[in-house]
Amino acid sequence: MAGVEPEKRSYVDLREKLNKNSSPNRKQLWEDRKRKREQSSGSYRHHSTHDREVELQKVHQGIRQRVLFDKEECEKIEEKIDEIVQLANEGTYKSRTVDRAPLRVKYFFGEGYTYGKQLTERGPGQERLFPRGEVDEIPEWIFELVVSPLEKAGIVPKGFVNSAVINDYQPGGCIVSHIDPLHIFDRPIVSCSFFSESSLSFGCKFSFKPIRTSTPVLTLPLPRGCVTTLSGYAADDITHCIRPQDVKARRAVIIVRRVYPDAPRLKPLINGTKDIQEANSDKESDDGDEEEEPSSAKKKRVVLKRNFRRPSQEAKDNSSIAHPEGE
């Protein structure tokens with residue numbers, strides 16, 4: 001009998017141990033762990049929400065919008081856009097002026113530049129202006145019907161615009177997330193919307209086959225006749241795009257900008273040869289304005305800002321800037 005007693009105590013001890021891990025106790029343990037996870041997750045969500053709110057505020061600070069063109073003015077401008085389309089279809093313009101992609105045609109005036117799949121090397125700072133004279137001059141009607149009202153409204157200073165682009169979208173057309181090249185274009189970036197309403201999205205990521213986009217940081221309505229300007233954080237530090245789902249009817253935008261006089265250019269034709277990057281730009285472009293910005297873009301953009309002169313510096317050296325070529 002003396003040898004049985006230890007076995008009984010061992011059995012009782014094991015049973016007590018099992019009872020400690022019984023269903024009620026395990027339930028309490030799970031609840032404690034769940035509460036800790038929720039507290040940790042709640043702290044993360046709060047931090048993430050705060051960051052999004054801060055970024056959203058920064059984006060809004062760099063955006064200005066105004067419905068500048070009434071219905072009659074829109075119709076007159078839209079007739080002119082249709083004339084551009086007709087002239088392009090007839091082969092009137094220089095080859096660099098017209099850039100066709102599925103569901104979107106881009107018309108460069110004054111200045112044109114390489115972007116997207118046209119680039120030999122991808123990433124911010126690699127874009128280059130075409131050699132002078134390779135795109136058509138800005139049509140006089142753009143100065144008269146678009147630029148002049150912008151100047152009178154104080155949206156851009158007189159003589160600011162030396163580049164104009166018309167993007168003509170069909171339903172479902174898009175332009176992928178991008179930042180207008182900092183080393184080529186001054187700020188603000190000015191866009192004027194025609195034909196139908198759409199939306200401009202900030203901070204989207206695109207995926208393809210099939211084409212999809214992530215949830216944007218901000219989706220900005222673009223009514224017909226509206227002028228939108230981007231500067232600061234909204235222009236320089238977050239990408240913007242036109243999503244396919246936001247183009248429900250034909251829509252056109254006229255983007256007017258100022259190109260820096262010292263912005264880098266491709267080399268012109270020499271003895272029948274082309275700059276490597278220029279030759280590559282002959283290929284059909286993709287749907288986007290530029291490739292989506294890589295994570296290292298901010299550092300590169302800081303370098304670009306330092307390397308290129310800004311308006312205050314240029315004014316001292318270039319007396320002709322107030323009336324840029326092409327006006």
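Biologist: Why is Arg-132 called exposed?

Modeller: Relative accessibility of 52% places Arg-132 in the exposed class, because buried means under 20% relative accessible area, exposed over 50%, and partly exposed in between (1.4 Å probe, protein chains only). This is a predicted model, in which local features need pLDDT of at least 70 and side-chain atom pairs count only at pLDDT 80 or more, while totals for chains, interfaces and linings use all residues. Residues are numbered from 1 along each chain as its sequence is written, and side-chain values use heavy atoms, with hydrogens and water left out.

Biologist: What makes the pair of Arg-132 and Glu-111 a salt bridge?

Modeller: The N to O distance between the two side chains is 3.9 Å. A salt bridge requires a side-chain nitrogen of Lys or Arg within 4 Å of a carboxyl oxygen of Asp or Glu, so the pair qualifies. Both Arg-132 and Glu-111 lie in the loop between β3 (104-109) and α4, and the pair therefore ties together parts that are 21 residues apart in sequence. Glu-111, at a relative accessible area of 12%, is buried.

Biologist: How many salt bridges does the structure hold, and what can bring such side chains together?

Modeller: There are 12 salt bridges in the structure. Side chains of opposite charge can pair when their charged atoms come close.

Biologist: Which parts of the chain does the salt bridge of Arg-250 and Asp-168 tie together?

Modeller: The side chains of Arg-250 and Asp-168 meet at 2.9 Å, N to O. Arg-250 belongs to the loop between β12 (240-242) and β13 (251-257), and Asp-168 to strand β4 (residues 163-169), so the bridge links parts 82 residues apart in sequence. Helices (H or I, at least four residues) and strands (E, at least two) are DSSP runs, numbered from the N terminus. The value for Arg-250 is 24% relative accessibility, and this residue therefore counts as partly exposed. Asp-168 is buried, with a relative accessible area of 6%.

Biologist: How do you know that Arg-257 and Asp-180 form a salt bridge, and are these residues buried or exposed?

Modeller: Their closest N and O atoms are 2.5 Å apart. Arg-257 lies in strand β13 and Asp-180 in the loop between β5 (175-178) and β6 (189-194), so parts 77 residues apart in sequence are tied together. Arg-257 is buried at a relative accessible area of 2%, and Asp-180 is buried at 3%. A network is also present: salt bridges that share partners join Asp-82, Asp-168 and Arg-250.

Biologist: Why are α3 and α4 called roughly antiparallel?

Modeller: The axes of α3 (residues 71-89) and α4 (residues 140-152) cross at roughly 155° and come within 11 Å. These axes are lines fitted to C-alpha atoms, for helices over the stretch in contact, and the angles run from 0 to 180 degrees between N-to-C directions. Angles under 35 degrees count as roughly parallel, over 145 as roughly antiparallel, 65 to 115 as roughly perpendicular and the rest as oblique. The two helices are therefore roughly antiparallel to each other.

Biologist: Which residues of α3 and α4 meet?

Modeller: Lys-76, Ile-77, Lys-80, Ile-81 and Ile-84 in α3 meet Trp-141, Leu-145 and Val-146 in α4. By class, this contact has 6 nonpolar, no polar and 2 charged residues. Here Ala, Val, Leu, Ile, Met, Phe, Trp, Tyr, Cys and Pro count as nonpolar, Asp, Glu, Lys and Arg as charged, and the others, Gly among them, as polar.

Biologist: What makes Ile-63 a buried residue, and which residues is Ile-63 in contact with?

Modeller: Ile-63, in strand β1 (residues 63-67), counts as buried at 9% relative accessibility. Contact means heavy atoms within 4.5 Å. Leaving aside neighbours within four places in sequence, Ile-63 is in contact with residues including Phe-202, Leu-218 and Leu-230. The C-alpha atoms of Ile-63 and Ser-231 are separated by 6.7 Å, although the two are 168 residues apart along the chain.

Biologist: Why is Gly-203 called partly exposed, whereas Ser-191 is called buried?

Modeller: Gly-203 has a relative accessible area of 24% and is therefore partly exposed, whereas Ser-191, at 15%, counts as buried. Gly-203 is placed in the loop between β7 (198-202) and β8 (206-207), and Ser-191 in strand β6.

Biologist: What share of the protein's residues is buried?

Modeller: Buried residues account for 46% of the 327 residues.
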